[in-house]
Amino acid sequence: MFCEKCGKEITKGVAVCPSCGFQPTSSKVRLKNVWRVTPVEGQVPVNGFATDCVVCETCMHFCSHYHEGSAIPALSRIVIDPTEFDWMMHNTDHHLVNRLICRQCPGVAPCMAACRVPNAMSRDDKTGAVLIDDEFCNRCRACERACPYQALWFSESRDRMFKCDLCGGDPQCVQVCPVSCLKYEKIA
Amino acid sequence: MQQSNKRGGWAGKILKIDLTAGKVVEEPVTDELAYSFLGGRGFDAKFLWDMVRPGIDPLAPEAVLTLGAGLLTGTVYPECGRVNVGCLSPLTGIYGFGNSGGWWPTRLKAAGYDHIIITGRSPKPVYVLINDDGVEIKDAGDIWGKTTTETEKILRDKHGRDVRVAGIGPAGENLVRTATTIVDASYSAHGGSGAVWGSKNLKAIAVTGTKKIHIHDPQTFYDLAKQEIKRIRECTRQGEAEYKKYGTLILYKWLPKYVGHGADKRYLPPEEMDHLQPENLFEKYCVGYHAACSNCQENCTYLWEVNVGPYAGTRTGALRFGSTDYMTMGMGNANTSSMVKFHSLCNQYGLCGKMAATALYFALELYERGILTKEDTDGIEIKAGDHEAIIELTHMIALRQGFGKILGEGPGNMARFIKDAYPYRHGVYGRIYTALLPFITSTRGTDHLGCLETFTATPETRNKLHENLVKIYPDLGPPMEPGIQGKTRLMFWEEHHKTVLDCMGRCFIAGGGISGCPSIGYELDEDPMGEGQARLLTILTGREFTGAEILKAGERIFNLERAFNVRQGAGRESDMAAPADQNIQFDWLALGKVDGNIMRQYLDQYYETRGWDKDGVPTRAKLEELGLGYVADELEANRPYPPYQGPPLWPIDKYPSGGERTKW
Ligand code: SF4
Ligand code: SF4
Ligand code: SF4
C-alpha cells in the first residue's frame, strides 16, 4: 500500500510512514495516489461545449463483459446516456451526452463518508479506487444518495451496488473507446 | 427437438406476441433452428415461411412481423449491434426484410430474447414494454400520433434511462406503404414494415434488461473482440478512412462517376454536385458526432442542424446517402438544407427515405411526360429542383393527404393508380433502383446490399479474392473482364456471405471500409470461406463450425426467402427489370453495357448456378441438399401459384389518414 500523505510505498499495517511520519488514520481517506477514468475534453465544438463521445456504448459493452461475463449495457459501470432526443426536439440547445462514471473522489469521498457499515467500502491499494465489498455491504444505498455525480447505483436484478473499480488498474473502457475520449489519469 | 443448456451466443428464447388476444408466449430456440438458421435474417426467413400463408394481405391481422437481433449482437464483439426486421412486404408483395443499427438490438438480447414475432391486431393502439419484470402490452393512447423522437423520449422518461425504443411514426400509423420501422429515432429498417406495425395497432417496443448470455469461452471471446477492434483500427483498405470521416455521404463523391447510378436522367450537372460533396455538407450542417450502433468503432453518423433559410431549426441524426440520393441527384435538387429537412421528416414520420424519394422521383417523371397534371397533384407543380414541392409532398405522404395518398402507395404501386403510367414503371418488384445485374436478384426486390464487393473493391482486392475463390468454385469467371461469363458464381458466393452477415447482426461496413470486404475476424479476400468466422463461432457457441457450413446456412436462408417469393408468384418474368430499366449504360458486374437480352441470359445463368429451374424456382434436389425438403413438398403440392401482381391494395380512401404536421 501507499502512504496517504506522501504517496511513497509502505508496508501494510505500519503505524507511521517511515518517509514523512504521517499516521494513517483510516484506510478510507486517500489524498495521494488516486487514479480515475475521466472524459477527455473533445475536439468537436458544439454550441460552446466540446465533445468527442459518439455514444457507441463500446465502453459499456466491454465494462460489463469484463465484470459480468457478458455484455449487458445496463450493468456497465460507466453509463453513456444520450440526450440528443431533447436536442432534436429543441428542449435543449446542446446535445452533450451524460457520462456517468465515478470520479474516485480523493480525500474523503462523499460515498465513503456516508457509508456506516464497517469494511463495506475501501480504497484499492494500487489505484486508490473506491471499492465496495459485497460481502459487507448491507444494501442501504446511503452511498448512492451521497454521490453528487450519480456515479454508483443499485441493481435490483443483481442485488448489489455497481461502481467503477478501475478494473484493478487496467481500465478496459479506455482501451476500446474508438475516439479516445476517455483517459486514465492520476488525479492526486 | 431438444435445447442444449450449454449453447453459447443465443439468448435462447423467442417472444411470441399475439396482439388480438393480448397474449405473450415464450418459446425456446431449438438447436435445429439455431444451427440451421443462425439468427437475425435467418430466423426471419424461417418464421415467415412457416407462419405466412401465400397471397394474404400484408396489412391483415394474420400477417406476421418479426424482429430479431443477430447472433453476435449483444455480445462484446464489435460492430454487431443490428436488428433484422422481416415481414410480407406491403410495399412489394414479396419477402421484405431490412437491417437496422441502433442501441435497441443489444437491449433485446440483454432482455433475454433473440427474436420477437408479432401477430394479430390489437383492438386499440398499444406498445410493448420488455424489461426484467417481464413483457407487458400497454396502452399507447398518449403516444399514438407522436413522431418517433417524441415516442423515444416519452418512453425513456417513463421507463428508465437504459430503455431503448423501436417503433413507427405517424406514417406507419396511416399505413403508408413506404413507412418503415424506426429504431432509436434515427435508424430505418425495410421501407414497408412500418405499415405492418400500424396495421397491428402497435406503436413501439421499448426494451431493457440485465439477462446474461452464456458464452462458451468468455475469456478467449473477449480477447478476440479486442483483437478485432485492433484489426478495424489498423485497417487501411481503400475508403476506410474516408468512411470513418463522412459515413455513407462519401458516396456523393464516389458514385457519380459510375454512369447509370440512380436516376441517370435528372442527374445534377457537375457544377451543382459540388454542393453535395461531403466536405461542404459537413461544414454547413454537421454539429457533432454521433455513432450509429451499439459497440461500433466506425462512428459513421452525425448530428445535423440547419441554421438559416426556410428550413432553419431542423435538427436530425444519421443523414445517409441512401436516404437522400434520389431526392437530390434524382430530383435535380441541389438545395442541401432541404435535403436535411427531408431526412428529418422521414425520421420523424417514420418513412423510408429511399422509397419515399423514389415515389417522388417517379411522380416527377410522370409529370414531365404529361401523364400527371396539376389536377392530379392538388395544384402542386412537380418540377426538377423544386425543393418546396418535395417537402410539401413528403408531409402529404406521411399524413396520407391529397396526392400523398397515391405517393404513399410506393413507387411500384403508384402505376396501378395512375392511368397510362404502367409502361414507365421502374425496378424489380416495385423497388425503384438502378436495375444493375447484381441488384436484380436480391430477394427483396432491386437492392444493392447483396453485393458490395463486386463493384466497390479495388482491382487488387478483386483479383486476390478471385485467386482464392476459384480454388473452391472452378467455374468462377475472371473478375476484371467485361461480360457475364462465370460472374453469377461470384454473386452466388457473395449473396450467401451477406446473408450470413445479416444473421450475425454485423454491419456491412465493418473492418473493410465501404470499398472493401466486410467480414468477421478475417480478411475476406484471403479467407473467402470465412474459416476465421467459424473459429469465432466455435468459441462463442461451443459447437464446432466450419466456414463451408456457415456459408451453406447462408444458402439455405437465401433459398428459403426465394421459395417464399415463389409462393407469392415470383418467377422469371417478374425477376426481369421493368422495360424502362433494361438499358444499363455501364453495369458494375458485367463491366459494360447491358440490355434486356443480356439480362435474360444473366438470369438463366444465375438460376443454373443456384440449382434453380428455368423459372427460377429452387429444385427439389437443391432444397433437399439444404435440408429444406418440407419446402419442396409445399411448392410441389401447390404450384403453379398465381403470377406476381404486386401486393393487394386497399381502395385509396379506406386507409387511415391525418395527424399533426411535425414541426421538426
Ligand atoms: S461514487 Fe461518487 S462520491 Fe464515491 S468516489 Fe465515486 S464519484 Fe465520488
Ligand atoms: S475503468 Fe473498468 S470498471 Fe471503470 S468504467 Fe472503465 S471498464 Fe468499467
Ligand atoms: S466508448 Fe468512448 S465514444 Fe463510445 S460511448 Fe464510450 S466514451 Fe463514448
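Strand β1 (residues 13–18) of chain B pairs with β2(B) in the antiparallel sense over six bridges. Two strands are said to pair if DSSP finds at least two bridges between them. Helices (H or I, at least four residues) and strands (E, at least two) are DSSP runs, numbered from the N terminus. Within this pair, Lys13(B) has Pro28(B) in β2(B) as its bridge partner.

Before I continue, a word on the model and its conventions. This is a predicted model, in which local features need pLDDT of at least 70 and side-chain atom pairs count only at pLDDT 80 or more, whereas totals for chains, interfaces and linings use all residues. Residues are numbered from 1 along each chain as its sequence is written, chains are lettered from A and ligands numbered from 1 in the order in which they are written, and side-chain values use heavy atoms, with hydrogens and water left out.

I return to chain B. The strands β1 and β2 belong to an open sheet of six strands, with the order β2-β1-β6-β3-β4-β5 and mixed pairing. At its edges stand β2 (23–28) and β5 (95–100) of chain B, each of which pairs on one side only. From one strand to the next, the twist averages 15 degrees. Such angles run from 0 to 180 degrees between N-to-C directions, and the axes are lines fitted to C-alpha atoms, for helices over the stretch in contact.

Chain B holds another open sheet of six strands, also with mixed pairing, in the order β8-β7-β12-β9-β10-β11. Its edge strands are β8 (134–139) and β11 (187–189) of chain B, and each pairs on one side only. Neighbouring strands here are turned by 20 degrees against each other on average, direction ignored.

Let us look at one strand of this sheet. On one side, β7 (residues 126–131) of chain B pairs with β8(B) in the antiparallel sense over six bridges, and a hairpin joins the two through two residues. Val128(B) stands opposite Ile137(B) in β8(B), and Ile130(B) opposite Val135(B) in β8(B). With β12(B), β7(B) pairs in the parallel sense over five bridges, and there Ile130(B) has Val207(B) as its bridge partner. Is β7(B) buried or exposed? Five of its six residues are buried, so β7(B) is largely enclosed by the rest of the structure. By buried I mean under 20% relative accessible area, and by exposed over 50%, with partly exposed in between (1.4 Å probe, protein chains only).

Across this sheet lies a helix. Helix α4 (residues 148–159) of chain B lies across β7, β8, β9 (164–167), β10 (181–183) and β12 (202–207) of chain B, and runs at about 140 degrees to β9(B).

In α19 (residues 459–469), the buried residues include Thr461(B), Arg462(B), Leu465(B), His466(B), Asn468(B) and Leu469(B). They lie on the same side of α19(B), because they cover an arc of only 170 degrees around the axis; the arc is that of the directions from the helix axis to the C-beta atoms. Glu460(B) and Glu467(B), on the other side of α19(B), are exposed.

Helix α20 (residues 487–504) of chain B contains Thr488(B), which counts as buried at 2% relative accessibility. Which residues does Thr488(B) contact, leaving aside its neighbours within four places in sequence? They are Tyr602(B), Gln605(B), Tyr606(B) and Thr609(B), where contact means heavy atoms within 4.5 Å.

In helix α21 (residues 531–541) of chain B we find Gln533(B). This residue, Gln533(B), is buried at 5% relative accessibility. Not counting residues up to four places away in sequence, Gln533(B) touches Val500(B), Ile520(B), Tyr522(B) and Ile550(B).

Finally, chain A and the ligands. Chain A has five helices and ten strands, and of its 188 residues, 52% count as buried.

Ligand 1 has 14 residues around it, and Cys102(A), Arg103(A), Cys105(A), Cys111(A) and Cys147(A) come nearest. A residue is near a molecule if one of its heavy atoms lies within 4 Å of it. Around ligand 2 there are 13 residues, the closest being Cys63(A), His67(A), Cys164(A), Cys167(A) and Cys173(A). To this shell, α1 (58–68) and α5 (172–176) of chain A each supply at least two residues. Ligand 3 is surrounded by 13 residues, of which Cys53(A), Cys56(A), Glu57(A), Cys59(A) and Cys177(A) are the closest.
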